[in-house]
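Here's a quick briefing to read with the structure open next to you. Take it one topic at a time and find each spot as you go.

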Amino acid sequence: MGLTAKDIEHLKEALQQAVVKCSERCLYQSAKWAAELLDSIPDASPAEVEQRAAGGVGNYVHPAFFPSADPVEAALEAKELNRYLLAKSFFDCKEFDRCAAVFLPESILSGVLSAKLSEINSPRGKGKASAALPADHALPALSQRSLFLALYAKVISGEKRKDEDSEMILGPQDLGAVVNKQLLIVSRFLERWFAERQTEDGEGLPPSQGFLEYLYGMVLVKQKNDLTAKEYLMQSVHIFPWNWGCWLELTNLISRTEELEKIAPHLPQNIMSFIFHANTRVNLYQQGQDLAASLNDLLNIFPTSSFLLTCKALLNYHSKDLMTAEQDFSNLLALHPHRLDSLDHYSNILYVLNSRPKLAFLAHLCSSIDKFRPESCVVIGNYYSLLSLHEKAVQYFRRALTLDRSCLSAWTLMGHEYVELKNTHAAIESYRRAVDVNRRDYRAWYGLGQTYEVLEMHAYALWYYKKAAGLRPWDGKMWQAVGSCLQKMGRDRDGIKALKRALLADTYYDSTASSFGSAGPVDRMAQMDPEVLLQIASMYDRLDEEDEAKAYMELCMAQEDGGAAGAEGAGLGDSVAIHHDSPGGVASDGETEGAERASGHEGTGVTVATSKARMWLARHAMRTEDYPAANRLATELCQDGVEVEEAKALIREARSRMELSNMMDR
Amino acid sequence: MSRYLAPARIGLLALIELYTEEAVPTDAIVPVVNFLASHLLDCDLTISSPTAPPDRWAKAESAIRLVLSIRDFEQVLGPFLAADRLPGRRLWDRFLEKLWHIDSLHGLQEFIDRLPNMLAKTKEELRRRAAAGKKPPTSVLLSPTAPFGAFVKRSCLEFSRMQFNHSAELWQGFVKYRQPTAGYWRRRNPQHGRLSFDSVLVNGEEEWGRSTDALAVVAYGNMLLMGDLDETVTVSTDDIESLLEIQVEQLHRYGNRIPAGLRDQFRHILKDSHFIPSLAHYLNYSDTWRSGDYPTAFDHLHRYFDYTMQNRGRLFYQYALMNLAILQSDFGCHKEAVTTMLESVSTARENRDTTCLNFALHWLFHFGRAHPKLVRELESSSMLGTGKETLMFLQLRAKESGMWVLWSSALMAEAKLVMSNGDSVATALEHMVRSSQLNIERNMKTMMGAQLSTIATLWDRLGLAHMSTMTCEVFLRCHARNSIFDDELKMTCRLAGLLAGKGRYEEAFEKIEGINRNSLDSVKASQYWHLFRGLLKLRRDLHRGNLEAADDLLSQLLQAGPESFEPDMVFMIDSLHIEALTRRGEFQAAFNKIDRLISELREDNRDISLRIRLLLNKVHLFDRIDRPEKGFTIAMRAASMAWRARLVPLLWQAIGALANILNALGEFAAAAQLLFAILPRCLETDSIFVVATLYSLLADARMGQAGEVQGRSDAHTHERTEFLTRAHEALDAALKHYSAVEDVEKQCEMLAKKATLMRVMGDDVLAEDCAAKYLVMKRAAVGRNG
């Protein structure tokens, strides 16, 4: 995707405008995002700069002074400038109610709302009511910018109050039931505003700037009216595509790839839409060459954009290429040492890689920059979790949530910690809140399943595992969980299917991961998990399909010398190793087996699973009167030192039978 | 700021780990363990020689040194070789290896996590280990209840309690603490680089390239940018508190001020900690109090109690009032002090705080002894009862509540009361013995000063000067180390006074000047010191007839007013004033002053010895105006009072005065008999001036007797000559003793008398000789004074 110098010039201008417009409306995060993106565009070559300088400094106009394109709006804005500046200062000082009252004092608001009510209550008496209250009835004549600021302040003040009312995290008041009381007012107002526009007398009104649609969409999202919200948000991005917050709201509304494909044609075709598409796909845990390619394209335009670099790192992370993801984040950190955003993901990666000193350093760095940012708290919590100091970890996750209740990863991670602390009740609640914040968080779904499995409520667990598997269809771990759950419920047929899927998924990851040309833990997927194979085999065994069972048992046993991969599978199935989506059993590293496991990293070797398979095979051989085979297998078992007593008994029996048959033969 | 752990403590932990790894060679074990123990325990294990003056601030100084710099470790560990590595490696190298091995924040965490391995295992743990197939540990193990073990355990606990940012701060502080050794470490390990203080940075350098520095600065903050300019010190709250406690304890125990250097260092530490314990205000208060800065002391006292008024669920208002009262009385605001103390008493009663109540009553009792006027109204309104009742009450309460110090000092006070009332010596002694038994039973070293000074007083009153001197010496040599500086000062002054009484002024001054100048920082002590020095000088000047200098000194001393001195000292000034007036011949002024003082003393019911002294002064005055017979009754009264109270030195003086009157009345034989009887005993009292006076009186009596013999007939020339010879002997003795106390006027008088005697005896040459000596002496005195 090549851009000419002129294109880049236009892009820069558009972004500058976007920053100004967003910060005029106190959309700080969007402004920050746009500014970061703007800064990451490399400067033009010196020749061009000179050329422009020759054009004269005098021609330079600060983007803040571009007048509004629409004359009516411009006039209104000019008229309200003083009041606008007042309101903006109030907003900057976090006096939201006061800010709202500058443009929308209670009298006007109540007038507007009551008029609306009367319209609803008595459709016949509309004319009469308007005649009675002509002044109050009409919407105040405000510029869209001021109107947005006022209404936005109202929403924010409502959010603030909502957080205050919820009180302590996971406390008695914190049930997620507290609502933002300003939403109703704002949505009524905006409904009215849009209604006015659609009627015939709205012809003369100036065209919308897009921000009010964004606000309405945001309010609708909060009211869980997703469909309408999506409509308004799409309208907004059509009118003003540079508002990243709006795109982000859209991303949050899309929970499946199909939805994304569905709305893609209706979106405007520009670079923002392109970024949105890539970001949403990353957030949906998609992966593939094309996504990586499109991210690379974007990075060609914005080489140092921290946002895009984060996306790229996350993409690698989701496709289980941890080393590359770690490197990406590390580079990002070096590039923007003061940036805390998304460092929580980095800490997750370091956690999975068990890179303790680095994680400690990261936590130190974060806490030096700002110890009261949710990201810092999550990083520190992760560090403590890695040290198996779960109480402290919970404390830091709680702090993160107190700072920002919508901090998704903190909810999930806190759930993990509660599981470690055997507080299943709190764990379930935490996971539930995580899922409520973001329905795409497969880790929370998986955690929920795991918790219910611990509680031996398999039917419940199955439902959550299925959810997780739906979100990550190519993650073997999900399917494996589904399979073992089904197995425990006695639905062997379905279980076998699920587990086979798991095997398939593992090999899929292997193939995609290799496309990134990385080494390291990914290779371990090159062979099948003996544990899964054993599970499948034992289910077949229970279904009395001996041939299948035997085949899988042999396959399982074959894994011992199958390749140069690790013995990760051992004991994974029913362990509580649920931290993150790590393929390894890192979470249980603090336990005693840690060392032993680490030592088995090179070859598969003998594992519990393969030994079990061997034992089964030996018994099977006894049953089918294949004594030499039984003898061989049992001897191997003795050599491996697993279940020696039983193996010796088998050997004795097999030998005696063989001798007997020898004697018979003679 | 962490509560307990600080970089220095991590150093101690590392050293303990070295010790358990048996890296410490045999010859270094004692110094290393001693070093560790002196920083972990309260006691000091180094045996200081008993003669050397103990350095009381050594502990605080070494604690501060350790907190500030790693050099202390080097001093201890440098000289020894490590036992477990290549030869040539010093123990210091091993220690540094250990410290530099902690190479990241996580390294610190690991270091702390590893610590419990050093602790001895419980049986349960051993069984679990055995079950897991592990062998029991073999290296040196620390019992969890031993000092080292407790320290290790506590450190682990405190670390696990820390918030993350605190442990990060600790890590940063540790990096900074360790940094001075980087140069040395680099010489030993060439691969050591600039960023080696954090291995994550070193490893990241390949990846991050030039932005590594930026990252390091972000993580470590100003520490890296400022370099040496950054003087912040990481200390733990615990360090600061223990330092404060040491200082307050020193202040309380010895009454010293903190040396300036130490104070500055401590301020430096406090500056960087955003936590200032309230005890620091108390320290400031004590310091300003002792330095005599009255308003600031008030300010600090109020601040301290504002912060601690409601501490641990208890009210401390009464203590605040008590401190305030003591402060006020120290600065001479006696009236305010009394009202404040009374309020303290009532508050203590309200709050049922026996301890405070007892102390307050005790203080009030002593205060009442010192300033009877102020307390008199109180006693009459029967709020406290008389002194004796208070004392009984105090003794009872102290016994009940086990406040041994209070009990002992109440007993002592009672002994003093008995003495000053002139009651039975045996009773006084009984109280003293009881108090002494208590002191010894409870090992109250601090009470030794008060006890010995009471005993010395008793010996003094009994006229056993050498016993008194010995008691003072015993205190100064054996007990001064453990007691308040005030006691030491007073004992030294008492000793100097005794020496001066013997006319050994130079030695006396030497004693006084020999007092530790540092301890005289405290304003009260230095005031007392200066006053006593002035008094000694005054006495010497008076004796030497240097009246101008004496006037100078007296005007200064009298100016200070009775508010700022203890009543005993005030009396001494007054009596010297009277003497000066008498010597100058202003008899009327002297007489008026004596009369006034006598009536005052009687009103206040003061020490009986003072009253006798005044009576004797009065008699002396009558003698000076040549009407000795007028003082007869007074002298008789003084003698009988002194006899009753067994005030032996005063008794001899009174008898001397009587003999003088007898002389005047012409009863020479009786006078001579009296004087002959008392002279040997008077010699025991070591008061040379009195002895000299007695001798001169004896000479007078003998001369009188000689005159009588001459008057009767000529036949008794032989007898007359004998009397004259005896008079001559007495005059010689008197002259000798007068010259011992350097009393010029009396010496001249004696010489004149001697010359007359010689002429009477017909030895003109000798008479001329004496006259010439007289003139020389007179001229010398004039020359010296003029």
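This is a predicted model: local features need pLDDT of at least 70, side-chain atom pairs count only at pLDDT 80 or more; totals for chains, interfaces and linings use all residues.

A salt bridge here is a side-chain nitrogen of Lys or Arg within 4 Å of a carboxyl oxygen of Asp or Glu. On the bookkeeping side, residues are numbered from 1 along each chain as its sequence is written, chains are lettered from A and ligands numbered from 1 in the order in which they are written, and side-chain values use heavy atoms, with hydrogens and water left out.

**Salt bridges**

- Side chains of opposite charge can pair when their charged atoms come close.
- Over all chains, the salt-bridge count comes to 62.
- Helices are DSSP runs of H or I with at least four residues, numbered from the N terminus.
- Are those two partners buried or exposed? B:Arg461 counts as buried at 13% relative accessibility, and B:Asp607 counts as buried at 17%. For these labels, buried means under 20% relative accessible area, exposed means over 50%, and partly exposed is in between (1.4 Å probe, protein chains only).
- B:Asp595 and B:Lys618 form another salt bridge, with their closest N and O atoms 3.0 Å apart. B:Asp595 sits in helix 32 of chain B and B:Lys618 in helix 33 of chain B, so the pair ties together parts that are 23 residues apart in sequence. B:Asp595 is partly exposed at 32%, whereas B:Lys618 is buried at 14%.
- Salt bridges with shared partners join B:Glu17, B:Glu21, B:Arg94, B:Glu97, B:Lys98 and B:Arg114 into one network.
- Within that group, B:Glu97 and B:Arg94 meet in a salt bridge of 3.8 Å, N to O. Both lie in helix 5 (residues 91-101) of chain B, three residues apart, which is about one turn of the helix. An α-helix has 3.6 residues a turn, so residues three or four places apart point the same way. B:Glu97 is partly exposed at 25%, but B:Arg94 is buried at 5%.

**Aromatic rings**

- A:Phe194 and A:Tyr216 make a tilted pair, 5.5 Å centre to centre with 35 degrees between the planes. They link distant parts of the chain, 22 residues apart: A:Phe194 is in helix 10 (residues 182-198) of chain A and A:Tyr216 is in helix 11 (residues 211-222) of chain A. A:Phe194 is buried at 6%, and A:Tyr216 is buried at 7%.
- A:Tyr452 and A:Tyr464 have ring centres 5.5 Å apart and planes at 10 degrees, so that pair is stacked. A:Tyr452 lies in helix 25 (residues 442-454) of chain A and A:Tyr464 in helix 26 (residues 458-471) of chain A, so the pair ties together parts twelve residues apart in sequence. A:Tyr452 is buried at 11%, and A:Tyr464 is buried at 7%.
- One aromatic cluster includes A:Tyr28, A:Phe91 and A:Phe240.

**Charges over rings**

- A charge sits over a ring if NZ of Lys or CZ of Arg is within 6 Å of the ring centre and within 35 degrees of the ring normal.
- The charged end of A:Lys467 sits over the ring of A:Trp445, 5.0 Å from its centre.
- In chain B, the charged end of B:Arg442 sits over the ring of B:Trp404, 3.8 Å from its centre.

How values were computed:
Helices (H or I, at least four residues) and strands (E, at least two) are DSSP runs, numbered from the N terminus. Rings of Phe, Tyr and Trp (its six-membered ring) pair if their centres lie within 6.5 Å; planes under 30 degrees apart count as stacked, over 60 as edge-to-face and the rest as tilted.
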